[in-house]
Each structure stands twice: as structure tokens, then as C-alpha cells.
Amino acid sequence: MTARLKLRFVMSADDLGQLPATSAELAFVGRSNVGKSSLLNALGAQKTLARVSKTPGRTRLLNLFDVDGGGTIVDCPGYGYASAPAKMRASWKTTMERYLLEREGLAMILVLVDGEIGPTALDLQMLEWLRSYGRPHTVIATKHDKVKSSARDKRRHEVAEKCGLAPSEIVWVSATKGVGLDRLGELAHRVLSDPDQPTRPSRPGR
Ligand code: GDP
């Protein structure tokens, strides 16, 4: 089985009520520039895929993709550099919060943090917020290739500690080098095919 996902863009929505029902859904969240589009493209092995989410006018929308084999993926708007999740612009703060808390079928929220620079205050607020509501989430550390191999072990521990997790609970990926995509793809398949199973990363990261 290939762990890559075949994705097809379905729609953009600015309200939870516009989204079609789903059997199981996986959401991608993270601050702008964390590498979300690159990762979605790499995971879907389709260059044009996340361009959809970068199209002007769609960057503040929930972009929904169908996954071949069942389930959906939602690319959430990137949170900005300056504004905390608590201060997300009024127009989409409510949408994001409602989506993350109330979306029926939302089985896993992937919180992307930049592996090169580590989790920002905004990322940590997002994690704390999700934890306070008991929402299922997994931290994905991006840009693995940007961390020197000699520094990787230390960095894995630093990022995990800041996020309040064990190093093995964080999935490290590089969209550029293809690192971790199989592990992430497997996690996605598992969540989407059996959303009731509690899902934890099964193998230690690099
Ligand atoms: P988004 O705003 O979260 O969608 O971020 P993008 O996917 O547009 O990526 C932001 C920047 O980081 C771009 O310049 C990408 O080329 C770069 N980038 C993303 N993923 C990786 C990666 O795995 N490795 C490296 N070296 N650069 C990456």
C-alpha cells in the first residue's frame, strides 16, 4: 500500500455549515509559511493541489479535498505572524474555532510547527487551546531537511519538550526531501479509515 494520498479539490467554505458531511476528516493547521502547502502537495504527490489553497481569496477559507478511498482533508487558513489565535481576525476566528470544535467527523487535527525554528508562541497557544477542549491532534514538525543532521537529535527533544510531548509523538517531515511522508500518509489512512481508533504516531521519529 502506498502511503501517499490521492486528493481531489472539492470546495472552499467560509462557514462550517457549507461543508458536506464526511465519514472522517483530517485537518491541517499551522501558521503562514510553516510549509503546509508544500506538505499537502508532497503528500498528495500533486503539484497543483495546495495551489488551490494559495489562490487569492481562498487563503482565508477552509479548503476541502476528497481522499481517494474515503474521507476528507481540510486545509485551514494559516494563522498570521502577529495575531494570536485568540485574536484571529473576527471574520474567520469564529469559523476556525467552530470548525475545530464542532465539525462532525473531524477525527484528527494536524498541527504543523516549523522544525527549523521550533514552535512559536502562536503554535503553543493553538496546542493549549486544542488540549483544553480535548480535541484529537498530532504535531507535525516540518522542514526536517533544514536541521543539520548533527543537530537533529537535540532538536527533536527541544521541539517535543516545548510542545509538552515525547519526541516519538512528533512526526518529522520534509516536503522537499520526502522525509516522513510515509509515516504521515499511514497516519492519515488510519484516521480516515477508522476514525474511532485513538491514533498515535506508532514509530519513533527520526
Ligand atoms: P505555507 O504558507 O504554510 O503553505 O508554506 P509553504 O508550503 O508555502 O512554504 C513556505 C516556505 O517554506 C516556502 O519557501 C517553501 O519552499 C519552504 N518549505 C516548505 N516545506 C519545506 C521543506 O520541507 N524543506 C525546505 N527546505 N523548505 C520548505
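Reader: How many of the six residues of strand β6 (residues 137-142) are buried?
Author: This is a predicted model: local features need pLDDT of at least 70, side-chain atom pairs need pLDDT 80 or more, and totals for chains, interfaces and linings use all residues. Residues are numbered from 1 along each chain as its sequence is written, and side-chain values use heavy atoms, leaving out hydrogens and water. Buried means under 20% relative accessible area, exposed over 50%, and partly exposed in between (1.4 Å probe, protein chains only). Strand β6 is mostly covered, and its buried residues number five.

Reader: How many bridges join strand β5 (residues 106-114) to β6?
Author: Strands are DSSP runs of E with at least two residues, and helices are runs of H or I with at least four; both are numbered from the N terminus. Two strands pair if DSSP finds at least two bridges between them. L110 has T138 of β6 as its bridge partner. β5 and β6 run parallel, and the bridges joining them number six.

Reader: In what order do the seven strands lie in the open sheet?
Author: The pairing is mixed. The order is β1-β3-β4-β2-β5-β6-β7.

Reader: Is T142 buried or exposed?
Author: T142 lies in strand β6. Contact means heavy atoms within 4.5 Å. Beyond four places in sequence, T142 touches V34, L112, V113, D114, G115, E116, W172 and V173. Its relative accessible area is 3%, so T142 is buried.

Reader: At what distance does the side chain of T142 reach the backbone oxygen of V34?
Author: A polar contact is a pair of N or O atoms within 3.5 Å; within protein, one must be able to donate a hydrogen and the other to accept it, and residues adjacent in sequence count only if both atoms are side-chain atoms. V34 also faces the ligand: one of its backbone N or O atoms lies 3.2 Å from a ligand oxygen. The T142 side chain reaches the V34 backbone oxygen at 2.7 Å.

Reader: What relative accessibility does H137 have?
Author: H137 is found in strand β6. Outside four places in sequence, it is in contact with M108, I109, V111, L127, L130 and R131. A polar side-chain atom of H137 lies 2.7 Å from the backbone oxygen of R135. H137 counts as partly exposed because its relative accessibility is 21%.

Reader: Which of the 15 residues around the ligand come nearest?
Author: The shell divides into two nonpolar residues (Ala, Val, Leu, Ile, Met, Phe, Trp, Tyr, Cys and Pro), six charged (Asp, Glu, Lys and Arg) and seven polar (the others, Gly among them). Helix α1 (residues 36-44) gives the most, with three residues. The nearest are N33, S37, S38, D145 and T176.

Reader: What percentage of the ligand's area does the protein bury?
Author: A polar side-chain atom of S38 lies 2.6 Å from a ligand oxygen. For K143, a polar side-chain atom lies 3.2 Å from a ligand oxygen. Taken alone the ligand exposes 580 Å² (Shrake-Rupley method, 1.4 Å probe; for residues, only the protein chains shown count as cover), and the protein buries 73%.

Technical notes:
A residue is near a molecule or strand if one of its heavy atoms lies within 4 Å of it.
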